[in-house]
Amino acid sequence: MKELIVHQVNITHYRLVELSQLADQAKPFYDWVEKIAKKQTGSHKLLNEIILHASKEELSNIILCCYRETDENKPLLFDGIGRVYSHTKACFYFFAWLIRDAPQQRLAPLISRMRKLEDIEKVVAETDTLVELIYEYRNYVKSFEWSTIREVIIDRLEGSRRSIKGHHLEASVRTALITSFQNYFAIYGNYGKYKKVKIADRQIKIDNHTVDVSAELIPIDEKPSKILLIPIKTRETEGGGHAHIFTRDIIAAIRELKEDQHKYYMMAVIIAKNWSSIELGNIDNQIDLIFHFDMSPNKFNGFDEESQIKLNKYIEGLLNNG
């Protein structure tokens with residue numbers, strides 16, 4: 001990313017760029033809600049018009065249909081560091097974001113109080129609440145177009161990121177991975193030969209090996225899931241033997257994992273200045289894909305366009321070929 005220097009001072013807004021990229025991955029979810037809204041109302045109009053003019057009953061049907069969708073090929077929604085929300089939470093947050101702030105901190109406690117007072121199901125309490133809020137305040141909001149909602153989502157993601165103590169580099173790589181899966185879904189409306197994708201929200205451990213970012217690809221048939229593993233390695237300085245040590249460790253891990261009964265796809269992300277080209281080649285020969293960002297980790301702000309396109313093509317190949 002190009003640094004923005006004004007009078008010798010770096011004023012680059014790195015966070016906005018990354019949050020904007022993450023917010024864009026909510027577009028398939030927005031499009032999916034629009035599709036359901038059209039189906040439930042029989043309307044050919046866009047989501048903005050439907051929400052602005054729907055009756056309470058129509059709003060309720062739209063929201064409940066989203067909650068209760070059984071098709072495995074559903075788009076995903078994420079928090080500020082790229083962790084996937086469960087589907088019901090994603091629906092609640094999406095509709096809540098349309099009409100009010102802080103749904104978890106301020107709205108969820110009110111819904112819990114309703115359930116205690118009247119002993120009703122959570123989905124009923126949430127749906128009734130969302131319907132009333134949207135119906136009552138939509139004329140003040142005035143727009144539910146994607147360009148408007150995108151700005152709201154950026155703000156919500158920034159708020160959630162501030163409240164989450166996560167690993168910045170993991171979040172950046174996870175965001176790139178999410179972008180690739182959502183790019184595929186936006187094009188094809190599914191996940192290829194897989195019925196769904198589960199992106200881990202934290203590091204996972206396989207035997208003695210810890211993997212920073214991973215995704216489980218769940219086939220349409222009853223075959224075992226396939227796992228994409230993405231270790232991330234960094235180095236602050238330009239010298240030392242870290243490259244050889246990392247190469248040795250990852251190759252050892254690859255050999256052990258290849259003996260496992262599961263099918264693993266593997267790629268690696270290295271963020272370091274002047275990492276040995278020989279060691280990069282040694283790793284590249286053992287795994288599917290390697291990304292080397294020739295910079296200090298504290299200057300890394302996510303995948304550049306060329307790297308993202310390369311990752312998109314790799315993920316497309318995985319989803320198409322099974």
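## About the model

Residue numbers start from 1 along each chain as its sequence is written, and side-chain values rest on heavy atoms, with hydrogens and water left out. As the model is predicted, local features need pLDDT of at least 70 and side-chain atom pairs count only at pLDDT 80 or more, while totals for chains, interfaces and linings use all residues.

Let's begin with strand S6, which spans residues 213–219. Helices (H or I, at least four residues) and strands (E, at least two) are DSSP runs, numbered from the N terminus. S6 is mostly covered, with 6 of its 7 residues buried; buried means under 20% relative accessible area, exposed over 50%, and partly exposed in between (1.4 Å probe, protein chains only).

Strands pair if DSSP finds at least two bridges between them. S6 pairs with strand S3 (residues 194–199) in the antiparallel sense, over 5 bridges, and here Tyr194 has Pro219 of S6 as its bridge partner. S6 also pairs with strand S7 (residues 226–230), again antiparallel and over 5 bridges. In that pairing, Val213 stands opposite Ile230 of S7, and a hairpin of 6 residues joins S6 to S7.

## Aromatic pairs

Now for the rings. Those of Phe, Tyr and Trp (its six-membered ring) pair if their centres lie within 6.5 Å; planes under 30 degrees apart count as stacked, over 60 as edge-to-face and the rest as tilted. The count by this rule is 16 aromatic pairs. One of them joins Phe92 and Tyr93, a tilted pair with 5.9 Å centre to centre and 40° between the planes. Phe92 counts as buried because its relative accessibility is 3%, and Tyr93 counts as buried at 7%.

Tyr93 also pairs with Trp97, and this pair is stacked, at 5.9 Å centre to centre with 20° between the planes. Tyr93 and Trp97 are 4 residues apart in helix H5 (residues 87–99), so about one helical turn separates them. Trp97 is buried as well, at 6% relative accessibility. Elsewhere, ring pairs link Phe29, Tyr30, Trp32, Phe94, Phe95 and Trp146 into a cluster.

## A charge over a ring

Finally, Lys310 lies over the face of Phe291, at 5.2 Å from the ring centre. A charge sits over a ring if NZ of Lys or CZ of Arg is within 6 Å of the ring centre and within 35 degrees of the ring normal.
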